[in-house]
Amino acid sequence: MKIMVSACLAGENCKYNGGNNRNEKILSLMEKHEVITVCPEQMGGLPTPRVPSEVKDGVVTARDGRIVDHEFRTGAAKCLEIALREQPDLIVLQSRSPSCGVKERYDGTFTKTIVKGAGVTAQLLMENGFRCVDVEDLEI
Ligand code: SF4
């Protein structure tokens, strides 16, 4: 099986704070399957570390007030390009990220308030018919 995953889940230090979200389920998948890693925020041109962002009224905004929607959507489009080329059977993404969250994300107030709705990359991938799952919902 070919699986695309959020790079931070595979242990890459691409998270906003310079760390990662290394996940044992993903590491185990990597032993048995072909895994492609992507970090849409880095691919959109954002540095690491970077100011954290959330989706506010449909626009991705950094905690310092800067609009970073263009960078986030550029990264999402690049991930879609890779998915269209590679045709993964499954895409596993980091839960609640403004890019990667599949079923939930933070609400744009930076108060850890969660709302229903996907991050911009997950949304674009799902709109194009790819099967996406939040890592916390992955059963292996
Ligand atoms: S954009 Fe996605 S892959 Fe990159 S650090 Fe955030 S959650 Fe991980």
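Mentor: Start with a term. Helices (H or I, at least four residues) and strands (E, at least two) are DSSP runs, numbered from the N terminus. With that, Pro49 is found in the loop between helix 2 (40-43) and strand 3 (53-56). Keep in mind that this is a predicted model.

Trainee: What is the peptide bond from Thr48 to Pro49, cis or trans?

Mentor: Read omega. For Thr48 to Pro49, omega is near 0 degrees, and the bond is cis.

Trainee: Which residue has a positive phi although it is not a glycine?

Mentor: Arg96, with a phi of about 70 degrees. Arg96 is found in the loop between strand 5 (90-93) and strand 6 (104-106).

Trainee: Now the whole chain. How many helices and strands are there in the chain?

Mentor: The chain has four helices and eight strands. Along the sequence, the pattern reads β-α-β-α-β-β-α-β-β-β-α-β.

Trainee: Why is the chain as compact as a globular protein of that length?

Mentor: Compare its radius of gyration with the globule rule. The radius is 14 Å, and the rule gives 14 Å for 140 residues, so the chain is as compact as a globular protein of that length. For the outline, take the principal axes: the C-alpha atoms fill a box of roughly 40 × 30 × 25 Å.

Trainee: Next, the sheet. What order do the strands have in the open sheet of four?

Mentor: The order is 2-1-5-8, with parallel pairing.

Trainee: Which strands stand at the edges?

Mentor: Count partners. Strand 2 (34-38) and strand 8 (132-134) each have a single partner strand, so one side of each is left without a neighbour in the sheet. From one strand to the next, the twist averages 25 degrees.

Trainee: How many bridges join strand 1 to strand 2?

Mentor: Five; strand 1 (residues 2-6) and strand 2 run parallel. Strand 1 and strand 5 pair over three bridges, also in the parallel sense. Three bridges likewise join strand 5 to strand 8, again parallel.

Trainee: Which residue of strand 2 does Met4 stand opposite?

Mentor: Ile36. Now go across the sheet. In strand 5, Met4 stands opposite Ile91. Ile91 in turn stands opposite Cys132 in strand 8.

Trainee: On to helix packing. At what angle do the axes of helix 3 and helix 4 cross?

Mentor: The general idea first. Two packed helices are described by the angle between their axes and the distance between the axes. Here helix 3 (residues 69-86) and helix 4 (residues 120-127) cross at roughly 40 degrees, and their axes come within 9 Å. The crossing is right-handed.

Trainee: Which residues make the contact?

Mentor: Helix 3 gives Phe72, Arg73, Gly75, Ala76, Cys79, Leu80 and Ala83, while helix 4 gives Val120, Thr121, Leu124 and Leu125. By class, the contact of helix 3 with helix 4 has eight nonpolar residues, two polar and one charged.

Trainee: Last, the ligand. Which residues surround the ligand?

Mentor: List the shell, then sort by class. Around the ligand are Ser6, Ala7, Cys8, Cys14, Lys15, Cys39, Pro40, Glu41, Gln94, Ser97, Ser99 and Cys100. Six of the shell residues are nonpolar, four are polar and two are charged.

Methods. Residues are numbered from 1 along each chain as its sequence is written. This is a predicted model: local features need pLDDT of at least 70, side-chain atom pairs count only at pLDDT 80 or more; totals for chains, interfaces and linings use all residues. Axes are lines fitted to C-alpha atoms, for helices over the stretch in contact, and angles run from 0 to 180 degrees between N-to-C directions. A crossing is left-handed if the near helix is turned anticlockwise from the far one by less than a right angle, and right-handed if clockwise. Two residues are in contact if their C-beta atoms, placed from the backbone, lie within 7 Å. Ala, Val, Leu, Ile, Met, Phe, Trp, Tyr, Cys and Pro count as nonpolar, Asp, Glu, Lys and Arg as charged, and the others, Gly among them, as polar. Two strands pair if DSSP finds at least two bridges between them. A residue is near a molecule or strand if its C-beta atom, placed from the backbone, lies within 6 Å of it. The radius of gyration is taken over C-alpha atoms; the globule rule is 2.2 Å times the number of residues to the power 0.38.
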